[in-house]
Amino acid sequence: MSHEKFLAELISTLGADVAQRGADVPERYHTDWSGTPPQRPLALVRPRSTQEVSAVLRLCTAHRVAVVPQGGLTGLAGAAVPSQGAIALSLERMNAIENTDTRAGLMQAQAGVTLQAVQEAAVAAGMVFGVDLGARGSCQIGGNVATNAGGNGVLQHGMMREQVLGLEVVLADGTVLPMLRPMIKNNTGYDLKQFFIGAEGTLGVVTRVLLRLRPAPQATATTLVAMADFDAALAVLKRMQSRFGNSVAAYELMWDSFVQASLSWLKLSAPFAESHPLLALINVDGKNESQLQGDVQQVLEEAMEAGEVLDAIVAQSVAQAQTLWKLREAPAELNNNMHPAINFDVSLPQAEIGRFAQACEAAFSARWPGKHALYFGHVGDGNLHVSVDGKTVGGECEAVEAELYRLVGEFQGSVSAEHGIGLHKKPYLQASRTPQELAVMRAIKQALDPLGLMNPGKVFEL
Ligand SMILES: Cc1cc2nc3c(=O)[nH]c(=O)nc-3n(C[C@H](O)[C@H](O)[C@H](O)COP(=O)(O)OP(=O)(O)OC[C@H]3O[C@@H](n4cnc5c(N)ncnc54)[C@H](O)[C@@H]3O)c2cc1C
């Protein structure tokens with residue numbers, strides 16, 4: 001059947017307000033924040049309900065038209081970029097928070113609600129939501145599920161997967177799969193919702209999410225700590241964890257190259273009189289603010305005596321804590337300042353992160369002496385981000401990727417800690433997955449999406 005017939009039926013079924021032809025689709029839906037070359041979708045569909053999502057997918061199945069789900073388009077792997085001849089299915093109108101139950105610690109929301117709206121609603125209810133990341137104002141909770149997002153809270157609460165109690169999903173043929181049971185324990189065969197978490201839209205469209213909320217900490221202490229090397233950083237993390245246990249809520253490490261970029265791009269004042277090889281931003285939760293600040297101060301003094309810490313600032317107010325955290329916001333500026341930004345988000349055995357960063361520096365400098373590379377990450381959970389400015393490596397983006405992923409293999413890491421595979425990391429997926437694992441992934445895809453219509457060409461080829 002021709003696309004014209006499909007488009008006419010789509011618009012007559014859903015209305016011109018919900019479905020737009022490709023020529024009328026604004027450019028912002030042509031690509032995501034990953035810098036992937038834009039592609040105009042065959043149509044843009046912005047449904048308002050699960051029933052409308054189901055109707056769209058039934059039509060797409062009947063006409064064999066591919067579907068690319070789109071959330072907030074902040075993904076960094078190109079996974080939400082339309083493929084040729086596919087429709088873009090944006091969840092942005094399905095943005096209601098439907099229920100917040102503080103006694104049970106649950107929130108039910110439609111997939112298109114932003115992460116920030118979820119966080120704010122949780123705080124308004126006297127609780128917190130366990131996932132936080134720099135794109136919070138734009139990324140959607142459905143996108144967070146589809147990418148199994150990580151971010152700043154993983155150390156304490158785990159990744160998105162650990163925050164999801166239930167999902168409602170629409171399969172490629174339009175079948176609605178309601179899995180919104182408010183229970184932590186449910187050992188009744190396969191845990192089907194897990195298939196869709198981290199699937200990057202290749203198995204179905206997430207339409208509703210049942211989330212776990214956590215008790216709000218009564219106080220949080222924030223400290224910025226300067227250290228000479230990675231071994232010192234690891235020693236400080238262990239020291240903090242042995243004193244505060246799971247109350248260490250964030251441990252974000254920034255190499256000096258990242259700190260200098262942050263200061264310059266965000267026009268911030270330097271936190272210390274001199275620069276240091278590594279800075280860690282640490283949040284510790286507790287009950288009483290002044291006592292917590294004193295306890296943190298004491299641990300830092302012990303660490304200083306042990307030669308692990310060179311200098312430290314303990315925030316004395318929420319405003320000062322927010323100022324310190326601004327240092328970590330440079331990733332939002334990468335695309336404006338690097339041309340292009342070659343971004344990596346790799347996972348490594350935690351103790352190896354420092355040596356891995358040194359190996360990257362050595363390998364990059366040997367081949368591209370003028371290269372500009374930044375290192376930062378959620379080191380508390382083994383996740384390192386690296387960003388290289390493409391113009392400082394003569395535009396040899398693929399060679400930079402090949403070099404870095406070669407080192408990931410050498411250090412037995414994973415090519416994606418949290419951003420996913422999308423289009424960008426497809427060539428390297430087999431570095432982190434065995435042929436047997438890939439065969440099972442393909443079998444699951446075949447079972448749930450036999451026509452291969454859900455986000456085709458993303459994660460792997462069929
Ligand atoms: C400044 C910045 C900081 C970031 N920091 C982090 C970080 O710390 N940790 C982290 O994990 N990520 C981070 N990211 C990456 C990104 O924000 C996350 O991957 C986020 O979860 C993507 O959500 P989104 O709604 O923007 O999804 P999109 O980019 O729109 O889509 C991403 C993928 O999810 C699929 N998808 C979206 N919605 C649905 C749905 N309802 N049903 C099925 N599939 C769907 C898409 O098809 C695509 O495959 C960052 C990005 C930026 C720009």
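Which residues are buried in α1? In this helix, F6, L7, L10 and L14 are buried, where buried means under 20% relative accessible area, exposed over 50% and partly exposed in between (1.4 Å probe, protein chains only). They cover an arc of only 95° around the axis, so they sit on the same side of α1. That arc is taken over the directions from the helix axis to the C-beta atoms. An α-helix has 3.6 residues a turn, so residues three or four places apart point the same way.

A word on the basis. The model is predicted, so local features need pLDDT of at least 70 and side-chain atom pairs count only at pLDDT 80 or more, while totals for chains, interfaces and linings use all residues. Residues are numbered from 1 along each chain as its sequence is written, and side-chain values use heavy atoms, with hydrogens and water left out. Helices (H or I, at least four residues) and strands (E, at least two) are DSSP runs, numbered from the N terminus.

Back to α1. It has 12 residues. Its first and last C-alpha atoms are 16 Å apart, close to the 16 Å expected at 1.5 Å a residue. The expected span is 1.5 Å times one less than the number of residues. The buried residues of α1 pack against β1, β2, α2 and β4, with contact meaning heavy atoms within 4.5 Å. Just after the helix, G15 takes a positive phi of about 95°.

Next, the sheet. Four strands form an open sheet in the order β1-β2-β4-β3, with mixed pairing. Two strands pair if DSSP finds at least two bridges between them. β1 (19-21) and β3 (67-70) each have a single partner strand, so one side of each is left without a neighbour in the sheet. From one strand to the next, the twist averages 20°. β3 pairs with β4 (residues 87-90) in the parallel sense, over four bridges. Q70 stands opposite S90 in β4.

Two helices lie across these strands. Helix α2 (residues 50-63) lies across β2, β3 and β4, at about 165° to β4. Axes are lines fitted to C-alpha atoms, for helices over the stretch in contact, and angles run from 0 to 180 degrees between N-to-C directions.

Now move along the chain to α12 (residues 353-367). Its 15 residues should span 21 Å at 1.5 Å a residue, and its end C-alpha atoms are 21 Å apart, which agrees. Buried here are I353, G354, F356, A357, C360, A363 and F364. The buried residues pack against α7 (230-244), β13 (248-255), β16 (341-347), β17 (373-377), β18 (383-389) and α13 (397-410).

C360 has a relative accessible area of 0%. A disulfide is a pair of cysteine sulfur atoms within 2.5 Å, and the whole structure has zero.

D295 is in helix α9 (residues 289-305) and counts as buried at 17% relative accessibility. Leaving out residues up to four places away in sequence, D295 touches R243 and F244. I197 is in the loop between α6 (193-196) and β10 (205-212). Its relative accessible area is 3%.
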